[in-house]
Amino acid sequence: MKRNLQIKELFLKNFDKPVTELKFKNLYELIVCVMLSAQCTDKRVNLITPNLFKAYPDIKSLANANLSSLKSYIQSCSFFNNKAQNLIKMAKAVCENFNGEIPLNEKDLKSLAGVGQKTAHVVLIEWCGANFMAVDTHVFRVSHRLNLSKAKTPEATEEDLTRIFKDNLNYLHQAMVLFGRYTCKAKKPLCKECFLSHLCTSKDKEI
């Protein structure tokens, strides 16, 4: 569809090869950041991780972490109890099943505790530039407001977006995240400043 192509082109034009706002130095830090960011803001994660990575600088130290100590570092993060357990399990599995090397394929990543499809895709997008789409709350909202998908789940929405856009999915994913975070916000979207306003027919549109 011509409209979908216009949307794609405008995203790529207005966001020049965007990357995540999560701060990380290596693959280990990236997967931890992405796991922490589930239902939590990147801003909050970036406040937590400097002290966290000082205490647990690599996958081995995280695998050997004391659960209550780890919780104390991430307690300001949503669902920190579950996340702490999953982080230790994930690190143990990497050490035991992958010789301490975080795997870089979807199947093996998804075998790790706390790593679902979205987390696996975000890791592969950010580390490898993989041609994947990942659907968080922002991407879900934006894709539905722009009538790119009517799917009820993030996974089905991801299938719709992958079929529509086909390539540059890594950049489109991050563009849609940033667009949803700062322009097409859940409450009070900035429709007057929006570069897609002329293509949007959402009931949430504020003119």
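Colleague: How many disulfides does the count come to in this structure?

Modeller: The count comes to 0 disulfides, a disulfide being a pair of cysteine sulfur atoms within 2.5 Å. This is a predicted model, in which local features need pLDDT of at least 70 and side-chain atom pairs count only at pLDDT 80 or more, whereas totals for chains, interfaces and linings use all residues. Residues are numbered from 1 along each chain as its sequence is written, and side-chain values use heavy atoms, with hydrogens and water left out.

Colleague: Why is C191 said to be in no disulfide?

Modeller: The nearest cysteine sulfur, that of C200, is 6.4 Å away, and the rule requires sulfur atoms within 2.5 Å; therefore C191 is in no disulfide. For C194, the nearest cysteine sulfur is that of C184, 6.5 Å away.

Colleague: What makes C194 buried or exposed?

Modeller: Its relative accessible area is 18%. Buried means under 20%, exposed over 50%, and partly exposed in between, with a 1.4 Å probe and protein chains only, so C194 is buried. C191, at 13%, is buried as well.

Colleague: What makes the contact between D136 and H138 a polar one?

Modeller: A side-chain oxygen of D136 reaches to within 3.0 Å of the backbone nitrogen of H138. A polar contact is a pair of N or O atoms within 3.5 Å; within protein, one must be able to donate a hydrogen and the other to accept it, and residues adjacent in sequence count only if both atoms are side-chain atoms. The pair therefore qualifies.

Definitions and conventions:
Helix = DSSP H or I, 4+ residues; strand = E, 2+ residues; numbered from the N terminus.
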